[in-house]
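Here are my notes on the model, written for a colleague who wants to check them against the coordinates. Please read them with the structure open.

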Amino acid sequence: MLLAFSIAPMMSDRPDGSVSQAVAAAVESGLPHETTSMLTTLEGEWDEVMSVVKRCVDVVAERSPRISLVMKADIRPGYTGQITAKVERVNEILENG
C-alpha cells in the first residue's frame, strides 16, 4: 500500500512557526518513503505503515500537546515499487505526448 500523510504539531516553539525538526524526527522508518512540502508517502504492508504513522504521532506528541494528522491510502495488493512507478508512468506519458 501507499500511504500519504501529513503530520504536524499544532504548536511550535520556534519563532518562525516551523515544524520541520519535529517532522524530520518522525519520518525515519526504514520503509521506502518520499517527503514533499505537503506530504510524506510511505510504501509497505498495512501493519508496518500504520506502525510508522503511530510512531510519528508519538514522536510529534513529545513536542506538542496537539497534533494535526491527515492520511490518504492507495491499497493495491500484489504491487510493490509503486512509490516511484506511478510517477514514472505519468512522466513517460508527458514525455511522449
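Predicted model: local features only at pLDDT ≥ 70, side-chain atom pairs only at ≥ 80, totals over all residues.

The points below go from the sheet to the pockets, the cavity and the ring contacts.

1. Sheet order. Four strands make up an open sheet, and their order is E2-E3-E1-E4. The pairing is antiparallel. Strand E2 (33-35) and E4 are the edge strands, each pairing on one side only. On average, neighbouring strands are turned by 15° against each other, with direction ignored.

2. The E1/E3 pair. E1 pairs with strand E3 (residues 40-43) in the antiparallel sense, over four bridges. In general, strands of a sheet pair through backbone hydrogen bonds, either parallel or antiparallel.

3. Largest pocket, size and centre. The largest pocket holds about 220 Å³ of space. Its lining counts 14 residues. Nearest the centre are Leu 2, Ala 4, Glu 34, Thr 41 and Lys 86.

4. Largest pocket, where the lining comes from. Which elements each supply at least two residues of this lining? They are strand E1 (2-9), strand E4 (67-74) and helix H3 (82-96). H3 gives the largest share, four residues. By class, the lining of the largest pocket splits into seven nonpolar, three polar and four charged residues.

5. Second largest pocket. The volume here is about 180 Å³. The second largest pocket is lined by 13 residues, and those closest to its centre are Met 1, Gly 44, Glu 45, Arg 76 and Tyr 79. Its lining divides into five nonpolar, four polar and four charged residues.

6. Cavity. How many cavities of 30 Å³ or more does the structure hold? The count is one. The volume of the largest cavity is about 70 Å³. Met 1, Leu 2, Glu 43, Asp 74, Arg 76, Tyr 79, Gln 82 and Lys 86 line this cavity. By class that gives three nonpolar, one polar and four charged residues.

7. Rings. A pair of aromatic rings is described by the distance of the centres and the angle of the planes. With the centres required to lie within 6.5 Å, the count of aromatic pairs is zero. There is a charge-over-ring contact to inspect, though: Arg 76 lies over the face of Tyr 79, 3.8 Å from the ring centre.

Conventions. Residues numbered from 1 in each chain as written. Heavy atoms only, no water. 1 Å grid on protein atoms, 1.4 Å probe; cavity = no way out; pocket = protein on both sides within 12 Å on 5 of 7 lines; lining within 4 Å. Points joined across faces, edges and corners; volume = space filled by probe spheres on them. Nonpolar A, V, L, I, M, F, W, Y, C, P; charged D, E, K, R; others polar. Phe/Tyr/Trp six-rings, centres within 6.5 Å; stacked < 30°, edge-to-face > 60°. Lys NZ or Arg CZ within 6 Å of the ring centre and 35° of its normal. Pairing = 2+ DSSP bridges. Axes fitted to C-alpha atoms, helices over the stretch in contact; angles between N-to-C directions.
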